[in-house]
Amino acid sequence: MQNAVGKLVPPTDDGSQDSLALKIWMIEQARHTIDATYYIFSDDLAGYAVLGALCDAVIRGVDIRLIVDAAGSFSIPKSALRMLDSCEEDAGYMKNSEGHPTTQRAGVQVAVFNALTNLAASPNRRSHDKLLITDGEFGDSAYLVTGGRNISLDYYGLTETGEFDPQAYRDLEILLRPADVLREESIGVTTSGYFSLLFLFKGNRLLEARHSEPARASYRKHRARAREALATLKSFPMMRERFSQMPKYASEGLVETRVRLVEQMSHVVDKRVVRD
């Protein structure tokens, strides 16, 4: 059990659209690290907008780890995920806890959970986690959101053209931040540790950018699409106000709560795999 403060992101039309704006906002305000894992990461406007925001984050010096499930995210081209890894070539320098630049450039690590290409893996062992953590190990600047929504327009009440989608799934999420409790590991640190265990699962497959010219050309196309998707999403009339209100939305109405963490993690190995 851990202390935290949080609020529900409700299963309503407004809640669905707030949820997508919240996730983009969390990525854009992150200063140090982003960990994200989703069962479904779709080849649509939502998926590419998130990829665009993640690429921008690593360029400004934020370290990225992303896990998608091999079955749930089968539809998104692996070249689109490798594109995110290629953003590391333009990575900025990471900042320390005081906000000062370090000599370490940010990195990107993308993993497919329990890859279907691994013949020894059980095809039924899937990760249905839906979790976004920003600055998890950096004190009270941490945010995390978890619940039932994947990275797909099907969950956010929007169409590709910005119209209201009345057929969207109704799901529930919770936004959490660490509570100010002395001598207690924060919920941000604990969930980042859980993410590390999920990332290090032996059946995972790392997706790294390839360096051939055809691959680079493909990444340029995916990056342009991601950049356009992010700009398009922010331009929709029903989303513009939500994006402008996100700092207030994410900080107001948070109530004290106790979070029960089911996973036992008494010996969590590393943390983040740092590249040379």
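This is a predicted model: local features need pLDDT of at least 70, side-chain atom pairs count only at pLDDT 80 or more; totals for chains, interfaces and linings use all residues.
Residues are numbered from 1 along each chain as its sequence is written, and side-chain values use heavy atoms, with hydrogens and water left out.

View A. Arg240 is found in helix α6 (residues 237-251); helices (H or I, at least four residues) and strands (E, at least two) are DSSP runs, numbered from the N terminus. At 46% relative accessibility, Arg240 counts as partly exposed; buried means under 20% relative accessible area, exposed over 50%, and partly exposed in between (1.4 Å probe, protein chains only). Not counting residues up to four places away in sequence, Arg240 touches Lys234 and Ser235, where contact means heavy atoms within 4.5 Å. The C-alpha atoms of Arg240 and Ala21 are separated by 9.0 Å, although these residues are 219 apart along the chain.

**View B. The disulfide of Cys55 and Cys87.** A search of the whole structure finds one disulfide, defined as a pair of cysteine sulfur atoms within 2.5 Å. Cys55 and Cys87 form this link, with their sulfur atoms 2.1 Å apart. Because Cys55 lies in helix α2 and Cys87 in the loop between α3 (78-86) and β4 (93-95), the pair ties together parts that are 32 residues apart in sequence. The link is left-handed, with -105° about the S-S bond, and both cysteines are buried.

**View C. Strand β7 and its partners.** Strand β7 (residues 131-134) is covered on both faces, with Leu131 and Ile133 buried on one side and Leu132 and Thr134 buried on the other. Strand β2 (residues 33-38) pairs with β7 in the antiparallel sense over four bridges; two strands pair if DSSP finds at least two bridges between them. The bridge partner of Asp35 in β7 is Ile133. Strand β8 (residues 143-147) also pairs with β7 in the antiparallel sense, over four bridges, and there Leu144 stands opposite Ile133.

**View D. Helix α1.** Of the 17 residues of α1, 13 are buried, so the helix is largely enclosed by the rest of the structure.
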